[in-house]
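Reader: Can you walk me through this model? I would like to go element by element.

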Amino acid sequence: MTIAIHHCLSLLNSCKNLRALTQIHGLFIKYGVDTDSYFTGKLILHCAISISDALPYARRLLLCFPEPDAFMFNTLVRGYSESDEPHNSVAVSVEMMRKGFVFPDSFSFAFVIKAVENFRSLRTGFQMHCQALKHGLESHLFVGTTLIGMYGGCGCVEFARKVFDEMHQPNLVAWNAVITACFRGNDVAGAREIFDKMLVRNHTSWNVMLAGYIKAGELESAKRIFSEMPHRDDVSWSTMIVGIAHNGSFNESFLYFRELQRAGMSPNEVSLTGVLSACSQSGSFEFGKILHGFVEKAGYSWIVSVNNALIDMYSRCGNVPMARLVFEGMQEKRCIVSWTSMIAGLAMHGQGEEAVRLFNEMTAYGVTPDGISFISLLHACSHAGLIEEGEDYFSEMKRVYHIEPEIEHYGCMVDLYGRSGKLQKAYDFICQMPIPPTAIVWRTLLGACSSHGNIELAEQVKQRLNELDPNNSGDLVLLSNAYATAGKWKDVASIRKSMIVQRIKKTTAWSLVEVGKTMYKFTAGEKKKGIDIEAHEKLKEIILRLKDEAGYTPEVASALYDVEEEEKEDQVSKHSEKLALAFALARLSKGANIRIVKNLRICRDCHAVMKLTSKVYGVEILVRDRNRFHSFKDGSCSCRDYW
């Protein structure tokens with residue numbers, strides 16, 4: 001009997017699904033140990049931490065057990081606390097206390113309060129705080145520290161600090177928790193004040209301050225903390241590299257990565273994926289290639305997340321063949337993220353047919369697509385004009401894979417119809433959506449109306465947007481674009497005037513270009529620094545040559561003011577992507593490829609200039625705008641003028 005029970009426990013440790021677990025439970029019943037708290041506790045523990053869908057089963061085990069102990073109770077409460085349904089942690093706790101099955105201890109309250117933090121219910125948090133006071137646990141260090149975290153997570157810094165101030169002897173964990181709470185509640189000054197009061201600090205204290213400053217966007221303060229740190233570990237370096245990149249300072253992120261190596265430390269998974277992400281965002285292809293070489297040399301190529309980051313980096317830097325090479329090299333290590341990243345990369349480059357083929361290959365391999373996979377697939381259909389295919393996959397998502405469409409999927413369908421000019425169909429689709437359309441969905445259609453010059457529908461859509469996001473500068477600019485294209489300058493002037501009166505500023509257009517492993521940023525119309533002057537002078541030369549040799553005529557519809565033709569030409573000539581192009585041609589060696597990243601959609605005039613420049617100057621130009629990639633070669637674009 002003892003041997004059989006030990007065998008059951010061994011099977012339990014290797015159990016991976018609910019069906020196997022119920023069979024083991026049946027063996028426990030057979031051997032008469034199902035009423036033993038030790039064995040039932042083991043079952044509940046395994047349900048709570050090892051099998052994702054087994055928590056309801058664990059709950060039934062607990063409720064059916066004649067005299068559950070605190071361990072069983074706390075295990076289940078903790079399991080729910082860390083699950084996707086943390087509110088059930090509170091429900092179980094209340095149910096157990098009401099029935100008097102078990103007297104809650106400090107761990108019980110700590111796990112429940114942590115659950116409250118996870119689902120951000122300040123009202124429930126107050127109730128749990130009162131219960132802790134009722135049971136005499138208000139001064140317990142573990143409970144108090146968890147309360148600080150809960151109030152911080154709910155954005156209630158005042159109560160977090162009050163709990164901390166009432167602690168008799170707070171330890172370092174409590175000090176660090178209250179600093180974190182201040183940052184989470186946007187009280188940056190309060191966090192610094194508490195940090196300065198600390199008599200003793202551990203490494204976590206410094207990292208909490210560093211992460212807090214980075215998240216708040218206070219990069220200079222983060223740099224000061226980083227320079228003052230007595231010791232920097234993997235977390236410190238990763239926080240700086242990833243955080244600075246996410247704040248848009250890509251060159252600095254690369255510098256910190258180089259400094260990490262000079263300090264004799266080996267990059268970890270987080271710092272590597274972080275700096276590769278920075279390359280992806282900035283389009284820094286040359287630095288990305290160097291990182292790839294480092295990954296291979298240092299033996300990090302076995303890490304799946306790093307390979308996925310490489311696929312994303314190469315795709316976003318415009319080199320799909322290299323992304324595909326990394327993808328093919330993963331073989332059995334591919335996960336759903338790998339497949340989806342590759343499909344997304346093909347979608348960005350307008351290779352819709354290939355993206356569809358790869359999706360079918362993925363399902364043939366037995367990999368079940370998720371919602372994100374379908375977003376990438378629908379984007380691919382949209383950018384390639386595959387309307388029927390997009391409609392079929394949208395239907396298949398729910399019918400075959402039982403994935404309920406989310407707002408992103410509906411947005412993809414609106415983009416699919418709008419990009420192809422089926423504007424009324426897109427409008428009807430939105431009106432029939434089973435969930436309320438967001439401003440982003442309507443904005444997608446407004447952009448399509450602007451591109452196709454449908455002013456009447458654009459005005460209807462803008463009315464809808466006025467109800468959701470009335471002061472969005474992008475919407476006003478899109479409507480203004482539609483009016484300007486139709487030559488309705490009075491309406492353009494009216495929109496511009498209203499933006500000035502309401503102090504609504506349009507998003508500043510910028511472009512990045514990589515020259516000599518350094519990213520240079522250009523802003524529309526700027527002519528202040530040396531590189532700006534250099535770019536403007538080179539651009540004058542390019543425009544003259546395009547006019548003489550290729551018959552270039554500026555598409556002045558891209559200029560959005562009712563001014564003389566000459567002034568319109570001057571306006572469109574100052575677009576940031578043209579300046580980036582000119583600077584690259586001035587600095588790069590002959591025959592070198594040019595890669596430009598733009599934060600907004602490329603206009604028709606810039607698109608025409610890129611095509612003609614690729615032919616006249618014999619260069620390949622890659623532009624990544626907000627929507628997709630444009631690969632210019634020999635006077636044509638990979639998008640086939642469909643964007």
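Predicted model: local features only at pLDDT ≥ 70, side-chain atom pairs only at ≥ 80, totals over all residues.

Reader: What is the strand order in the open sheet?

Author: The order is β2-β1-β3-β4-β5-β6, an open sheet of 6 strands with mixed pairing. Strands here are DSSP runs of E, at least two residues, and helices are runs of H or I, at least four residues, both numbered from the N terminus. Two strands pair if DSSP finds at least two bridges between them.

Reader: Which strands stand at the edges?

Author: β2 (518-523) and β6 (636-637) do; each has a single partner strand, so one side of each is left without a neighbour in the sheet.

Reader: And β3, buried or exposed?

Author: Strand β3 (residues 594-598) is mostly covered, with 5 of its 5 residues buried. Buried means under 20% relative accessible area, exposed over 50%, and partly exposed in between, using a 1.4 Å probe and protein chains only.

Reader: Which way do the β3 side chains point?

Author: Ile594, Ile596 and Lys598 point one way, Arg595 and Val597 the other, and all are buried. In a regular strand the side chains alternate between the two faces of the sheet.

Reader: How many bridges join β3 to β4?

Author: There are 4, and β3 and β4 (residues 621-624) run parallel. Val597 stands opposite Arg624 in β4. Between β3 and β4 the chain passes through helix α34 (residues 604-616), and this β-α-β crossover is right-handed. Right-handed means that, with the strands pointing away from the viewer, the path from the first strand over the helix to the second runs clockwise.

Reader: What about β1 and β5?

Author: Strand β1 (residues 510-515) is joined to β3 by 3 bridges and runs antiparallel to β3; Val513 has Ile596 as its bridge partner in β3. Strand β5 (residues 629-633) is joined to β4 by 4 bridges, also antiparallel, with Ile621 partnered by Phe632 in β5.

Reader: Changing topic. How many residues has the largest nonpolar core?

Author: It has 160, and Ile148, Ile179 and Leu445 have the most contacts inside this core. Another core, of 32 residues, lies apart from it and includes Val515, Leu546, Ala580 and Val609. A nonpolar core is a set of buried Ala, Val, Leu, Ile, Met, Phe, Trp, Tyr and Cys residues joined through side-chain atoms within 4.5 Å.

Reader: Which residues of α13 are buried?

Author: In α13 (residues 203-215), these are Ser205, Trp206, Asn207, Val208, Met209, Leu210, Gly212, Tyr213 and Ile214. Their cover includes α11 (172-184), α12 (188-197), α14 (219-228) and α15 (234-246). Just after α13, Gly217 takes a positive phi of about 80°.

Reader: And α7, how many of its residues are buried?

Author: 10 of its 14 residues are buried, so described as mostly covered. Just after α7 (residues 106-119), Arg120 takes a positive phi of about 55°.

Terms used. Residues numbered from 1 in each chain as written. Heavy atoms only, no water. Expected span 1.5 Å × (residues − 1). Contact = heavy atoms within 4.5 Å.
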